Amino acid sequence: MGDVGKKVSELWRGLSVDERASYNKMASDDRERYERESRIKDTIVSASQRRKREALAADAGGDTSKRAGRQKQDAHMAKRDADRHAREL
């Protein structure tokens, strides 16, 4: 890989400013495309996370903290254990 990198670097340095311009333009266009797509994806992910939080809030009576989720899980586990214990008797 080192030899290839050296050769590419040598070829790049050998290009004139005009020859580099087309590659720099492609890089700039690609960077803009990436940033645009990232903003769109971030918006979609944020909306999805917000919907999940709202659904959890509705289930937890408005509390979306980790504690509320843990309390709900603990209550479920306690009920399960009690049911299991009742069946054993």
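Biologist: Is Tyr-23 buried, partly exposed or exposed?

Modeller: Tyr-23 is partly exposed, at 45% relative accessibility; buried means under 20% relative accessible area, exposed over 50%, and partly exposed lies in between (1.4 Å probe, protein chains only). Bear in mind that this is a predicted model, where local features need pLDDT of at least 70 and side-chain atom pairs pLDDT 80 or more, while totals for chains, interfaces and linings use all residues. Residues are numbered from 1 along each chain as its sequence is written, and side-chain values use heavy atoms, without hydrogens and water.

Biologist: Happy with that! How many aromatic pairs does a search of the whole structure find?

Modeller: A pair of aromatic rings is described by the distance of the centres and the angle of the planes. Here the search finds one pair. The rings of Trp-12 and Tyr-23 have centres 6.1 Å apart and planes at 70 degrees, so they are edge-to-face (for rings of Phe, Tyr and Trp, its six-membered ring, centres lie within 6.5 Å; planes under 30 degrees apart are stacked, over 60 edge-to-face, the rest tilted). Trp-12 is partly exposed too, with a relative accessible area of 33%.

Biologist: And how do the axes of α1 and α2 cross?

Modeller: Two packed helices are described by the angle between their axes and the distance between the axes. The axes of α1 and α2 come within 8 Å and cross at roughly 120 degrees (lines fitted to C-alpha atoms, for helices over the stretch in contact; angles run from 0 to 180 degrees between N-to-C directions). Helices are DSSP runs of H or I, at least four residues, numbered from the N terminus.

Notes. Helices (H or I, at least four residues) and strands (E, at least two) are DSSP runs, numbered from the N terminus.
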